[in-house]
Amino acid sequence: MTAIPETKSRIGSIDWFRAQARWRWYEPVFWLGAVAWYFLLPTYLPLGTQILVAALFALSLDLILGYGGIVSLGQSTFFGVGAYTAGLLATHGWHEPLSCLLAASAAAALAGWICSFVIVRVQGIALLLVTLGINLVLYEAANKAYTITGGADGLQGIEFSPLLGIFHFDIYGRAAYIYTLIVVFLAFLVARRIVHSPFGLALKGMRENWKRMPTLGAGLRRHGTLIFVLSATIAGLSGALLAESVQFVALDSLGVQRSVDVLTMLIVGGTGVLYGSFVGATVYMVFRDQLSDLNPAYWYFWIGLMLVLVVLFTRNGIVGALEDLSAWIEKKRRGAPSS
Amino acid sequence: MTATALATHGLRKSFGALQVTQDVRFDLPAGARHALIGPNGAGKTTFINLLTGMLAPDGGRIELEGADITSLPPQDRVKRGLARTYQINTLFPDLTPLEAVTLVVCERHGVSRRWYERLAKRHAVIDEAFALLRDLGLGDLVRRPTRQLAYGHQRVLEIALALATRPHVLLLDEPAAGVPAQESGILYEVISALPAEIAVLFIEHDMDLVFRFASRITVLVGGRILREGPPGEIADDPEVRSVYLGTAVHG
Amino acid sequence: MFPIFQGFVQVLFDGVAFGMLLFVMSVGLAITLGLMRFANLAHGSFAMLGGFTTTTLMKHAGWPFLATLPVAFVIVALVSVVLERFLYRRMYRAKELDQVLLTVGIIYMSIAGAAYVWGPEPQAFALPDYLTTYQQVGWFSFSRYGALLLAIGTILTLAIFFGLERTRFGAMIRAAVDDRRVALGVGINVNLVFTITFAIGSGLAGLGGALGINALGLDPSFPIEYLVFFLIVVSIGGTAGSVKGALAASLLLGLCDEAGKYYVPQTGAFIIYVVMLLVMLWRPNGLYGRA
């Protein structure tokens, strides 16, 4: 390992942070690929939309879990709040999609803020259970309030007027896909900025050693509240996107199953690496799409097996495995000549 | 008279029936180099946790530069200038020293919740972090993940994190604990180079370190202060010797 | 006046009976959590396996219901030993999250497996006639099935407490829960203690699953549906794995659930979740927890 010349290190430090935040080669490739999907797989646009929504949802979880180290089992609480807000606005006469999106995100942010009061007071297993509990309570409440939410049948009769007055949400899902892609990309940019901001660093500190943080001047409760609000907003945004693209809100948007699903996606993809959520969502949704046609029960088996294998044998999901692989190749390359 | 940096009045703490801290009256003047020694179970760790706010006392008062901090949570005490290090490295394994110290400096500057800003643009913060690490001899290692550092360097980083909060009072909990002999030189350099204005309290077992750096020693036994005085006095004190029963106390 | 009292006693009886059932199913999870610090969310899969053992024996081998119960216990215990030895043992030192995910993966696989073997529909099951009737004692009538739950639950509770407090093996368990390293140092074969305890706990889950078919139904989605119950019992009872806590939590939940169904039927499962939230906020480590 070559020593970094000390005299250069001072400027090198700022450069180092810049390098951390720099766009990697695979990033534009990924986004161009997402654009290409529109042209290459026109019959799979609804699937593509669902993958993007799931990826954004997983990204929201990655912020609290992968970066903040907070294990939450109730992320669909915020997804559902966003979905139902958008849906309810539409069924009550407000059909403009963009403003619904904003309103839904705001509602989810509020939900995140309210929940944060209880969540920042607990850790470990208790945290898992409190987040799960909130999720369950909300689900039951939505179920019981079927006059408002449609209960187990879901919220129907949602209609949105054309985007910007021009683009209809057509049955092929074309407008929906592009709309979703743009929104997800913008939200991704926000998440990216969070990760490379001073707060992103504080989050990582919480993850690496939350006990140390207060004795270094960091208030865990305030940080926790902020990340919950940010994460909930993004989760709510993804829920609203789904409501707008499929024009239906199922009760299971709020379900624990969805919370577990998004956690699975994130773990399979890799936590704390931004793109893990995209990789995981793609793998999960494609798998499900292909396999559940055969038999819904069998699909469960394969995803269960994938989860077990990922936990036992990879450091950090698919992205983690790829990182380790490339580091191993690097080492072989460097070590190969002589000795 | 030099100003008092840290003082406790009648500090008490019990765990059930066990009184771990008994009515402790303690003074730490500005710029001090004090050592707190005592046999295992004397209550040193509890005392530190009470000072930093990790534990709430059953009674008594803690004053930092004259202000009552008894009811303040730990992070507020840090903001007022009270910092500590841990006996066992309590670091951020996956972060580099540069990131770790930058984190602390961001907290101090109050910008740690700016989620919309580019961290790389905060030149002043990053410069300060790097300068601190360089001055402590870690300049070449700032970009390696903490868990790859040698133990001695990690102990220095432990101090660096505390120093990054620009403390007025620094509590060093067994700074040399676990450091192999050949690496303790760096540590001693760092300790002797600590700014003179900072009041330092060492919690120590290592008498070498105590006699090298401390100008005043407080002996804590059974949660109560047994003796207080300059090193020579303490070393000769028969009661202290009997309490330590054979632990090497240099004269 | 009297009907109100009668209703109250009914709720009390049903609540305690149901609570006992929950206890039998969940105590294994509490002990595993306390002993091995291992969050085995797939505990419900063991309960499900016990249930399927019973239905299979009854349907294809014509066994009487009560006779299948010990078999359910034994079979599930054996399966759990295999799982513990080859899979779980690697994960004792792993992060909580990894344990949760591993066991979720196992839940998924068990659900798919059960659907493959026994079909995805709820299992047809009928209690033997002598258990479906109601017994009349004075003004009070109670179901024999409920009495069975109470009886078995009480016997098992006493057996567990006696076993933990009075036997040498129980002392070893308690030592290992308290401080694993010291227990190892004193010469306790911690691995063996773990395996046996896990087997017993899982066997009990299987027994509970079999016992509970009448009350809870049985189909492949059982592990996930009832996972919530188990988690609630453990969270309220004490995440440190206290058996007393699991008992208290199970009874509390059983009573709340029955009372809810009787007095405020429209709220349903709501009540339990709210109770859990409230307890978690008041005592984050559970009623009998340790930080």
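**Entry 1: two glutamates in chain B**

I began at Glu65(B), which sits in the loop between β4 (59-64) and β5 (67-68) of chain B. I kept in mind that this is a predicted model. The phi of Glu65(B) is near 50 degrees, a positive value in a residue that is not glycine. Is Glu65(B) buried, exposed or partly exposed? I found 17 C-beta neighbours inside 10 Å, so Glu65(B) counts as partly exposed.

Next I looked up Glu174(B). Its phi is near 45 degrees, again a positive value in a residue other than glycine. Glu174(B) lies in the loop between β7 (169-173) and α6 (184-192) of chain B. Here I found 20 C-beta neighbours inside 10 Å, so Glu174(B) counts as buried.

**Entry 2: the sheet of chain B**

I followed β7(B) into its sheet. In which order do the six strands of this open sheet run? I read β6-β7-β8-β3-β9-β10 in chain B, with mixed pairing. At the edges I found β6 (82-84) and β10 (224-229) of chain B, each pairing on one side only. Neighbouring strands of this sheet are turned by 20 degrees against each other on average, direction ignored.

β6(B) and β7(B) run parallel and are joined by three bridges. Opposite Ala83(B), I found Leu170(B) in β7(B).

**Entry 3: the nonpolar core**

I turned to the largest nonpolar core, which has 266 residues. Which residues touch the most other members? They are Val101(B), Ala160(B) and Phe202(B). Helix α1 (residues 2-36) of chain C gives the most to this core, with 16 residues.

**Entry 4: which chains touch**

Two pairs of chains are in contact, and chains A and B share the most contacts. Chain B and chain C do not touch. Their nearest C-alpha atoms are 14 Å apart.

I took the A and B pair next. Here 35 residues of chain A are in contact with 42 residues of chain B. On the chain A side, α1 (6-21), α8, α9 (198-209) and α10 (220-246) each give two or more residues. By class, I read 16 nonpolar, eleven polar and eight charged residues on that side of chain A.

Then I took the A and C pair. Here 27 residues of chain A are in contact with 34 residues of chain C. The elements of chain A that each supply at least two residues are α6 (124-144), α11 (256-269) and α13 (296-313). Which of them gives the most? It is α6(A), with eleven residues. The side of chain A that touches chain C divides into 22 nonpolar, three polar and two charged residues.

**Entry 5: a histidine in chain A**

I looked up His168(A), which lies in the loop between α7 (146-149) and α8 (174-195) of chain A. Is His168(A) buried or exposed? I found 12 other C-beta atoms within 10 Å, so His168(A) is exposed. Leaving aside neighbours within four places in sequence, His168(A) is in contact with Pro162(A) and Ala175(A).

**Entry 6: chain C**

I finished with chain C, which has 13 helices and two strands. Its C-alpha trace spans about 60 × 45 × 35 Å along its principal axes. The radius of gyration of chain C is 19 Å, and a compact globule of 291 residues would come near 19 Å, so the two agree. Of the 291 residues of chain C, 50% count as buried. I also checked contacts between residues at least 6 apart in sequence: in chain C, 78% of them join residues at least 24 apart.

β1 (134-137) and β2 (140-143) of chain C pair in the antiparallel sense over four bridges. The bridge partner of Gln135(C) in β2(C) is Phe142(C). β1(C) and β2(C) form a hairpin with two residues between them. In the turn, I found Gly138(C) with a positive phi of about 65 degrees.

Key:
Residues are numbered from 1 along each chain as its sequence is written. Chains are lettered from A and ligands numbered from 1 in the order in which they are written. This is a predicted model: local features need pLDDT of at least 70, side-chain atom pairs count only at pLDDT 80 or more; totals for chains, interfaces and linings use all residues. Two strands pair if DSSP finds at least two bridges between them. A nonpolar core is a set of buried Ala, Val, Leu, Ile, Met, Phe, Trp, Tyr and Cys residues joined through C-beta atoms within 7 Å. Two residues are in contact if their C-beta atoms, placed from the backbone, lie within 7 Å. The radius of gyration is taken over C-alpha atoms; the globule rule is 2.2 Å times the number of residues to the power 0.38. Ala, Val, Leu, Ile, Met, Phe, Trp, Tyr, Cys and Pro count as nonpolar, Asp, Glu, Lys and Arg as charged, and the others, Gly among them, as polar. Axes are lines fitted to C-alpha atoms, for helices over the stretch in contact, and angles run from 0 to 180 degrees between N-to-C directions.
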